[in-house]
Amino acid sequence: MRVVTLLSDFGLRDGYVAEMKGTILDLCPSAVITDISHDIERHNIPMGSFILETTVPYFPKDTIHVAVVDPGVGSDRRAIVIECEKASFVGPDNGLMARASEKLGLKAIYEIREEEFQRKPVSSTFHGRDIFVYTAGLLASGRRPEEVGPRVSRLETLDLSPPTLLGKRLDCHVLHVDVFGNVITDVGEKMVRKMPVKFGEGVEILSGVRKPQAQYVRSYHEVAVLSLYDSLPHFCCSKRGSVEHRYLLNPHTRLLQKPTCQRLICEN
Amino acid sequence: MRVVTLLSDFGLRDGYVAEMKGTILDLCPSAVITDISHDIERHNIPMGSFILETTVPYFPKDTIHVAVVDPGVGSDRRAIVIECEKASFVGPDNGLMARASEKLGLKAIYEIREEEFQRKPVSSTFHGRDIFVYTAGLLASGRRPEEVGPRVSRLETLDLSPPTLLGKRLDCHVLHVDVFGNVITDVGEKMVRKMPVKFGEGVEILSGVRKPQAQYVRSYHEVAVLSLYDSLPHFCCSKRGSVEHRYLLNPHTRLLQKPTCQRLICEN
Amino acid sequence: MRVVTLLSDFGLRDGYVAEMKGTILDLCPSAVITDISHDIERHNIPMGSFILETTVPYFPKDTIHVAVVDPGVGSDRRAIVIECEKASFVGPDNGLMARASEKLGLKAIYEIREEEFQRKPVSSTFHGRDIFVYTAGLLASGRRPEEVGPRVSRLETLDLSPPTLLGKRLDCHVLHVDVFGNVITDVGEKMVRKMPVKFGEGVEILSGVRKPQAQYVRSYHEVAVLSLYDSLPHFCCSKRGSVEHRYLLNPHTRLLQKPTCQRLICEN
């Protein structure tokens, strides 16, 4: 019994996700299929990468994670299997799986080239079904990553500059705005800890001409606006009561924070 | 093999539900995980309670139901396991599981205190993952409710006055407006049967200054506006063709009905 | 172990789908339940039919497909089981399952009449739970289609005129507009191949007074507007960048295409 997870930007309204699940069950009837999310914004690789890397550590060892946010389907981007110490990944080589696979102990990368790991005829628009889950279904039934094709030395990474804390200035990106209105950036917990802001102190968020009041708190049970959302190793701006802020901070917004004056400057 | 159900207000777009599923599968690989709903309105405990109590009777004996609508996470509200004759419940002690657990034969309540039933470090904002499903995963793999912590004598209940039928006047609350536009109240089937309205008779709904025409019918295949929706033991106002009424009757709206004159008075 | 799939217009917000899953697991604990889609537009039988027929070929042999888009619930439309060479279908006899069951090798149709295949009391509004999945759960645990009731000779079909290619004029219907903005019609691949348009050629779509430019291409990785979406055996208009067109082409829109002048005429 192997767990196979699915992440995509296909949504659940159409039949695409079900076609992938049927394909897996047809190849490996004992597979336990679990959705991570199918509501990744269309072609938003950084968002998919974030949801993937924060979720996969909770799954059992040897889980097979299939991730399909694939604007380059039909082009010459590679289809790959990433073998990690704790799991395997199957999907396009476009940065989507890079951070998640590093987190789970990347061991080797293989390009899917062998014909028997592809359903024929391969659609030019739906590799999720004809290559990725087809390969995952075979892996779940006992085939080995090294059988799918030649070993590859390098993985494509996300096209985002890393966050920096230089003097009083923190420069980062918004990765995701979640259902609770948390604005999740690419600032990791370590960098958050280095900032001189203390729990309970007031801060100010500058978003264009708006200056909403904020407070740096630990839990959103307190009246929190700006908080360290500690269930994620990422710096979050959490907001209760109003979702107005969600429309100002879209994924990929660049955030500037000046921590010594307790200000988070948001420039859209 | 144990069935574990999940209900929450987390939505399916983020990775939170998948983190819970991964946690369960990691602790109990043979668990069969089934979603009840993750689209409960945020922090809407009465709606979550309604969806939970109407759904759980259909699941097999010994199912473990995890319910997480938890505005008090991080406060001192208790994390509990409710042992019932037909199932177990795991979640916050905030009224969410009270009606469902009564329906399935409440036997005992335990507070989750033992360290081994909590993933360390426990997040202050995501007890769904670090306490509730962690406990559920252990229960699914054979641990007993009485091992999680001390027995508790009292359960928090929903903060809603019960519906009353006094003379000609029925006073109730809207619990939920479903996908078909059914307006579901907390009036039970018994009270509905006591009302002198007969199937086929015309009624009038007063919602502020509007007075939509309605008819008291059994099935929405007939031209139904106001109906006894008999697949639920609740009084419903069903509406076809237009969803206009959904925007007038939000959850928690108070409804007043005067049955002898076949009127349903809706006061927002 | 039998796979049971579910398709409906119930959405996932309410508890209705979970009630169906609980019912199946109660009758057949080893059933593997997989969602096809629960976001079929309410009462839109052609859309449900399309999602069903394109999805079911990917599932394992002997899968039981339950489909519930059922505006006639409570009327005298029949509840049926369709036995096919590769799978079984359970649902209302209203055209929803006709094309899918033909595709999987229709063998026999049975009306669900026997009392033991219905949960008592049968709700007049929720046959999905009380008849369809109840029957499916029993079939999954080993009961035979011919046990559910008398054999039926004729299946209701979809109420849509078939697409025609007469001279320069192609006449078809929009079945579905998918999450990527693909406008999927009922023109099959064979008819598409007969059209004299070549990949790369420009075409023009006439939708009322608008005339968006389009191109007939194979993959949406190219700058595609009008394309043969070859992962589906249907003619699609695919569009990237803008979803404006989704609001013009609703399901059931009639499309007229004049292929020799490379025009797709869309009349709402």
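Visitor: At what angle do helix 1 of chain B and helix 4 of chain B pack?
Guide: Happy to start there, and do keep in mind that this is a predicted model. Helix 1 covers residues 16-27 of chain B and helix 4 covers residues 127-140 of chain B. Their axes lie 8 Å apart, and the packing angle is about 35°.

Visitor: Is the crossing of helix 1 of chain B and helix 4 of chain B left-handed or right-handed?
Guide: The side of helix 1 of chain B in this contact includes Met20(B), Ile24(B) and Leu27(B). Helix 4 of chain B brings, among others, Val133(B), Tyr134(B) and Leu138(B). The residues of the contact divide into six nonpolar, three polar and two charged. As for the crossing of the two helices, it is right-handed.

Visitor: How are the rings of Phe10(C) and Phe126(C) arranged?
Guide: A pair of aromatic rings is described by the distance of the centres and the angle of the planes. For Phe10(C) and Phe126(C), the centres are 5.4 Å apart. The planes stand at 90°, and an angle over 60 degrees counts as edge-to-face. The arrangement is therefore edge-to-face.

Visitor: How many residues apart are Phe10(C) and Phe126(C)?
Guide: Both residues are buried. Phe10(C) sits in the loop between strand 1 and helix 1 of chain C, while Phe126(C) sits in the loop between strand 6 and helix 4 of chain C. The pair links distant parts of the chain, and the separation is 116 residues.

Visitor: Which residue forms an aromatic pair with Phe10(B)?
Guide: Phe10(B) is buried, with a relative accessible area of 6%. The ring it pairs with has its centre 6.3 Å away and its plane at 70°, an edge-to-face pair. The partner is Tyr16(B).

Visitor: Is Glu83(A) buried or exposed?
Guide: Glu83(A) lies in strand 4 of chain A and Arg144(A) in a loop, so their pair ties together parts that are 61 residues apart in sequence. The two side chains meet in a salt bridge of 2.9 Å, N to O. Arg144(A) is partly exposed at 39% relative accessibility. Glu83(A) has a relative accessible area of 12%, which is under 20%, so Glu83(A) is buried.

Visitor: Which residues are linked with Arg129(A) in a network of salt bridges?
Guide: One salt bridge joins Arg129(A) and Asp130(A) at 2.8 Å, N to O. Arg129(A) is buried at 4% relative accessibility, and Asp130(A) is buried at 0%. The network links Arg129(A) with Glu19(A), Arg119(A) and Asp130(A).

Key. Residues numbered from 1 in each chain as written. Chains lettered and ligands numbered in written order. Predicted model: local features only at pLDDT ≥ 70, side-chain atom pairs only at ≥ 80, totals over all residues. Heavy atoms only, no water. Phe/Tyr/Trp six-rings, centres within 6.5 Å; stacked < 30°, edge-to-face > 60°. Buried < 20%, exposed > 50% of the residue type's maximum accessible area, 1.4 Å probe, protein only. Helix = DSSP H or I, 4+ residues; strand = E, 2+ residues; numbered from the N terminus. Axes fitted to C-alpha atoms, helices over the stretch in contact; angles between N-to-C directions. Left-handed = near helix turned anticlockwise from the far one by under 90°. Contact = heavy atoms within 4.5 Å. Nonpolar A, V, L, I, M, F, W, Y, C, P; charged D, E, K, R; others polar. Salt bridge = Lys/Arg side-chain N within 4 Å of Asp/Glu carboxyl O.
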